[in-house]
Structures are given as C-alpha cells and as structure tokens.
Amino acid sequence: MRDASISDECKSKIENYNRYLEEEVISANNTGAFYKYVNKSLSCKSGIGPLFDDNKQLVHDDHERADWLNNFFQSVGTADDGLSPSFVQRSAYSLGIRNIVFTPEVVYKQIQQLKLNLSCGPDNIPPIFFKRLASVLAYPLAKLFSKSMDEAHVPALWKQAIVTPVFKKGCSSDPTNYRPISLTCTCIKIMEGIIKSNLLDYLLAHKLICKQQHGFLSRHSTVTNLLETVNDVTLSLRNRRSTHVAYIDFAKAFDSVCHT
C-alpha cells in the first residue's frame with residue numbers, strides 16, 4: 001500500500017508540475033513559446049511509426065524499417081568521384097594554418113560550451129560527464145587531441161556515428177520524409193569545436209569571409225541578415241531605385257558535395 005501511495009503522490013506532483021508549465025506558457029503571452037510547447041507535446045517520443053515499402057504496404061518490424069530508412073539515406077547521396085576541387089589562393093599568407101594548439105584552457109572552454117541535452121554517441125558517454133569533470137579531463141584530453149593531430153589519426157570509434165531519422169514534413173509513413181542526424185562521440189565534438197574555432201579565426205583574420213555572410217558566424221543569424229536586407233530595400237525605395245532579389249537554394253546540399 002505504501003508503494004502505491006508513493007506512486008500516486010509522484011504522479012500527482014508530475015501533473016501539477018506540467019500544469020504549472022502550461023500556465024507559465026499561457027501567462028507569458030508569447031505566441032512562439034506557445035507553439036513550441038504545443039509542438040513538443042504533440043511530437044512522438046517513442047520512435048518511428050510504421051513505414052510504407054515499395055508496394056505501399058506498411059512495415060512494422062524494427063529491422064525492416066531501419067533497412068528502408070538506411071536504403072533511402074544512401075540513395076540520396078551523390079557518388080564520390082574521388083576528385084577534390086581546386087581553389088585559387090586568396091590570401092597572401094601562403095603558409096595557411098600550420099598547427100592547431102590544444103591547451104587545457106582551450107579544451108576546458110570548449111567543454112563548457114557543450115549542451116547537456118545532447119544525446120550520447122557510440123561511446124555511450126553523455127556530455128554532462130565531460131561538463132561535470134571538465135577541470136579534471138581538460139589536461140588529458142588536450143594531450144590526446146595534440147597527439148591525434150600530430151599523427152593525423154583518430155580512434156576508430158570517433159569516426160562512427162549513430163544515425164537517427166528525424167521527421168521533416170508530410171506523411172510520417174513515407175521514408176523520404178525523414179532526414180538523418182548523426183550522433184557522434186562527445187570527444188570528437190570537443191576536438192572538432194576547437195578546430196572550427198581556429199579555422200574561423202584564420203578566415204576572419206585574412207578577410208576570407210565576406211561581410212555579407214551571416215550564416216554559421218558568431219553574433220550573426222537570419223535576423224541580422226533580414227535587418228540588413230530591410231535597410232538596403234528601404235534605402236532603394238527612398239532613392240527611387242528598383243531592387244532585384246535572387247533566392248538560391250541547393251537541393252540536398254549536404255548529400256551533393258564531395259566529402260573526401
């Protein structure tokens with residue numbers, strides 16, 4: 001009886017907490033937060049539902065559904081011809097990036113940027129493990145990353161990923177309406193983050209990224225891009241000039257490029 005009473009009390013507190021969250025969303029009078037909460041509540045957390053095969057028959061078996069999604073993800077990729085494109089040198093600094101230094105301080109700072117809600121990779125080590133032990137792990141990880149960079153070699157496990165399908169839009173039973181997300185090990189995410197920061201510093205220092213670039217840059221976003229566009233159009237209207245806008249999108253861009 002005691003276990004049942006504890007269970008009932010736990011359910012009651014969870015219901016009260018969820019009710020409190022809903023009241024907070026409503027009282028905030030924020031339309032974006034409201035729809036975000038609704039979409040999160042309506043999303044399926046149990047996995048992928050039945051999928052249609054080539055004969056429009058629903059497939060329920062887990063292994064068969066995984067095979068159907070895997071076959072589709074492979075089919076959208078472009079066959080790699082092994083040829084790397086040539087690029088014209090744009091910087092007078094011909095040496096480029098000769099080395100990336102991994103210090104405990106840099107590694108510690110990068111660990112602090114990890115998101116705790118990220119899922120585990122093939123190593124089954126969650127980001128919260130690194131964040132809670134950042135001061136202890138910073139030094140050995142710095143040594144490990146430095147050795148990996150010097151020898152141009154990373155552990156085989158770091159090259160693996162858990163591919164999980166994420167529903168985009170349309171019919172949820174159609175495998176073509178899913179996109180793959182790769183969950184990699186947290187260690188390689190930390191190392192990649194440091195390498196990315198060094199690359200960005202180099203590109204920005206040598207003015208290899210134009211000032212009109214808003215994506216994937218700190219303090220830049222679609223909002224800053226829109227503000228700049230509105231300003232340009234407003235100036236054109238004020239000066240009685242026409243404005244021509246070209247929108248370009250690359251279909252399946254990530255699957256269409258050479259990854260060598």
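Predicted model: local features only at pLDDT ≥ 70, side-chain atom pairs only at ≥ 80, totals over all residues.
Local features were taken where pLDDT is at least 70 and side-chain atom pairs at pLDDT 80 or more, whereas totals for chains, interfaces and linings use all residues. Residues are numbered from 1 along each chain as its sequence is written, and side-chain values use heavy atoms, with hydrogens and water left out.

Helices are DSSP runs (H or I, at least four residues) numbered from the N terminus, and their axes are lines fitted to C-alpha atoms over the stretch in contact, with angles running from 0 to 180 degrees between N-to-C directions. Helix α4 (residues 104-112) packs on helix α6 (residues 134-151) at an angle of about 120°, the axes being 8 Å apart. This arrangement makes α4 oblique to α6, given that angles under 35 degrees count as roughly parallel, over 145 as roughly antiparallel, 65 to 115 as roughly perpendicular and the rest as oblique. Contact (heavy atoms within 4.5 Å) joins Pro104, Val107, Tyr108, Ile111 and Gln112 of α4 to Ala134, Ser135, Ala138, Tyr139, Leu141, Ala142 and Phe145 of α6. By class, ten of these residues are nonpolar, two are polar and none is charged, where Ala, Val, Leu, Ile, Met, Phe, Trp, Tyr, Cys and Pro count as nonpolar, Asp, Glu, Lys and Arg as charged, and the others, Gly among them, as polar.

Helix α4 also meets helix α7 (residues 186-205), the two axes coming within 9 Å and crossing at roughly 110°, which makes α4 roughly perpendicular to α7. Val106, Val107, Gln110 and Ile111 of α4 make this contact with Ile190, Gly193, Ile194 and Ser197 of α7, a set with five nonpolar, three polar and no charged residues.

The axes of α6 and α7 come within 11 Å and cross at roughly 70°, and these helices are therefore roughly perpendicular to each other. Leu141, Phe145, Ser148 and Met149 in α6 meet Cys187, Ile190, Met191, Ile194 and Ile195 in α7, and this contact divides into eight nonpolar, one polar and no charged residues.

Phe145 of α6, which contacts α7, also belongs to an aromatic cluster with Phe102 and Trp158. Aromatic pairs (rings of Phe, Tyr and Trp, the last by its six-membered ring, with centres within 6.5 Å) number six.

Salt bridges (a side-chain nitrogen of Lys or Arg within 4 Å of a carboxyl oxygen of Asp or Glu) number two in the whole structure. One of them joins the side chains of Asp62 and Arg65 at 2.1 Å, N to O; being three residues apart in helix α3 (residues 62-75), Asp62 and Arg65 are separated by about one helical turn.

How values were computed:
Helix = DSSP H or I, 4+ residues; strand = E, 2+ residues; numbered from the N terminus. Phe/Tyr/Trp six-rings, centres within 6.5 Å; stacked < 30°, edge-to-face > 60°.
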